[in-house]
Amino acid sequence: MKNLEELKKDYADLIVKAGINIQKGQRLVLSCPVEEADFARLLAKAAYEAGCKEVIMRWSDDDLTRYKFLYAADEIFDSVDHWFVEMLETLSEEGAGFLSVYAEDPENLKDVDPDRIKRNQISSGKALETYRLRMMRNDCPWCVVSVPTKSWAKAVFPELGEEEAVLKLWAEILNACRVDGGDAAKNWREHSDELRRHVEIMNNYNFKSLRYHNAAGTDVTLDLPEGHFWAGGDEVCKAGHNFSANIPTEEVFTLPVRDSINGKLVATRPLCLNGTIVDKFYFIVKDGKIVEAHAEKGEEVLKNAITVDEGASYFGEVALVPYDSPIQNSGVLFLNTLFDENASCHFAFGEAYPCIHGSENMTEEELKAIGVNYSMTHEDFMIGSPDLSIIGITHDGEEVEIFRDGNFTF
Ligand code: ZN
Ligand code: ZN
C-alpha cells in the first residue's frame, strides 16, 4: 500500500503527463492556492522532469480574494490592467500549457456585493476575450484539477475535524481520479478509452435532436448543429499533442443549436457560482433563451450570472454522464463543479466549445449561423437523476433511447 505522500506524487505525475502533457521546451502557467504550495512544488518538479522550459506561478488565496471584493476601490472592478491581459495573450500565443489547481471555499464570496462580482466578470470577460477564445478552441493544452484546501474540505465534511476532513477529501479526489496505488496512467488511459466508446456511438448516430425527461421536472427538447461532434476523454491541442482538460472527467459532450432549446431544466445538485452556493433552481427556456430563473438559495447571484452578456442566457454545452459514475456513487456532494459536473448529466449556459467539424476554418459569423453560442461566461449546472430519460431523434426521424433510468443504454 502506498502512503498519501506517494499517492500525491502519482497524482501530480498523472496531471503533468496525461492532463497537460507538457512538452520539452514548453512553458507551464500554474495557478494554485498558496495553501497548497507543497502540491504546486510536486507539479512543478514533475513538469521540469518532463522537459518544461519554465513554470510560471500564479498564486491565489481565498482570504485575499475576499478582501479585494470587500475593500478595494470601487473602480477596480470595471477595468483590467493592460499588463495582465498581455501576459496571458503572450503566453497563450506561444502555446504554453495552462494548469489550474481549482479549490476554494464554496461560500468565500457570499457576503460580497454581487454587483462587484458581476462588474468584475464583465470587465475581465471583455479584456480577456482573445485568451478565452484560444482556450475554448484548444489552441493551448489546459487542465483543471483539485486538491483539498481546509475550508473546502470542512464545507464538504462539516461533521469532521479539519484534519480528518482534508484526509477524507484527499481520499475521495484520488479515488475519483483513479489514483489507486497501481499504474495511474494506465487506469486513466483505460477510462479515457471507455469515454471514447460512447463518443463514437453518439457520433455514429449523428442525432438531429435530443429530448430529456425526469421526475425532478426537467422536460426539454433541443437540436444539435449540422456538423457537430461529441467529445470526451483526451482532446488534441493545436500543436497536435493529446491532453485532458479535466481530471477527473466522466462526460461526453457537444453543443446545442443556440435557438433550439425549449422547456424546463431543473437542477439536481447545488451549484457553486462565484463564491456563493446556488441551490434548488430551475430555468424556463424558450427558443434557446432563459426566460425565467428561480433559485431557493442564491437567486440574485444566479440571475447576475445569466445576464453578464446576451449569450449568458443561452446554452453552450450538453453533456452526458451516467448516474452510475464513481463520483455519484461516492455519495459525496463536492461543492466544486469539477467534481459535481462529473457526477451528473449537465448543461452549461454561456459560451459553446466549437465541437463542429472544420470549425477552425470558419468565421465567427459562419459558426453563429449554424447555432454556436458566444458569451464571456460558461457555467455547467447539473440536471442528472436516477430516472433521467434521454431520447435521440435521428435525421430519418428514428427515435433511439440513449439514457434509461439515468444511465446509457449502450
Ligand atoms: Zn461539462
Ligand atoms: Zn462545461
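Q: Over how many bridges do strand E3 and strand E4 pair?
A: E3 covers residues 97-101 and runs in the parallel sense with E4; strands here are DSSP runs of at least two residues (E), helices of at least four (H or I), numbered from the N terminus. Two strands pair if DSSP finds at least two bridges between them. In this pairing Ser100 stands opposite Val144 in E4. The number of bridges between E3 and E4 is four.

Q: What kind of model is this?
A: Residues are numbered from 1 along each chain as its sequence is written, and chains are lettered from A and ligands numbered from 1 in written order. Side-chain values use heavy atoms, leaving out hydrogens and water; local features need pLDDT of at least 70, side-chain atom pairs pLDDT 80 or more, totals for chains, interfaces and linings use all residues, and the model is predicted.

Q: Which strands stand at the edges of the open sheet?
A: The sheet has four strands with parallel pairing, in the order E2-E1-E3-E4. An edge strand has a single partner strand, so one side of it is left without a neighbour in the sheet. From one strand to the next the twist averages 15°. The edge strands are E2 (54-60) and E4 (142-145).

Q: Which strands of the sheet does helix H1 touch?
A: H1 packs on the sheet, and its direction makes about 150° with that of E4. Such angles run from 0 to 180 degrees between N-to-C directions of axes, which are lines fitted to C-alpha atoms, for helices over the stretch in contact. Contact means heavy atoms within 4.5 Å. The strands touched by H1 are E1 (27-33), E3 and E4.

Q: Which strands does helix H4 touch?
A: H4, residues 82-93, also packs on the sheet. Its direction makes about 145° with that of E2. The strands touched by H4 are E1, E2 and E3.

Q: How are H1 and H2 set to each other, by angle class?
A: H1 (residues 4-20) and H2 (residues 37-49) pack at an angle of about 50°, with axes 9 Å apart. Angles under 35 degrees count as roughly parallel, over 145 as roughly antiparallel, 65 to 115 as roughly perpendicular, and the rest as oblique. H1 and H2 are therefore oblique.

Q: Which residues of H2 make the contact with H1?
A: On the H1 side the contact is made by Lys8, Lys9, Tyr11, Ala12, Asp13, Ile15 and Val16. On the H2 side the residues are Phe39, Leu42, Leu43, Ala46 and Ala47.

Q: Which residues of helix H8 make the contact with H1?
A: H1 and H8 (residues 162-176) pack at about 40°, with their axes 11 Å apart. The two helices are therefore oblique to each other. H1 contributes Leu4, Leu7, Lys8 and Tyr11. The residues of H8 are Leu167, Trp170, Ile173 and Leu174.

Q: How is helix H3 set to helix H5, by angle class?
A: The axes of H3 (residues 62-71) and H5 (residues 114-127) come within 9 Å and cross at roughly 105°. Their contact is made by Lys68, Phe69, Leu70 and Tyr71 of H3 and Arg116, Ile117 and Asn120 of H5. The angle makes H3 and H5 roughly perpendicular.

Q: Which residue in the hairpin of E12 and E13 takes a positive phi near 45°?
A: E12 (residues 276-286) and E13 (residues 289-297) run antiparallel, joined by seven bridges. Ile284 stands opposite Glu292 in E13. The hairpin has two residues between the strands. The residue with the positive phi is Asp287.
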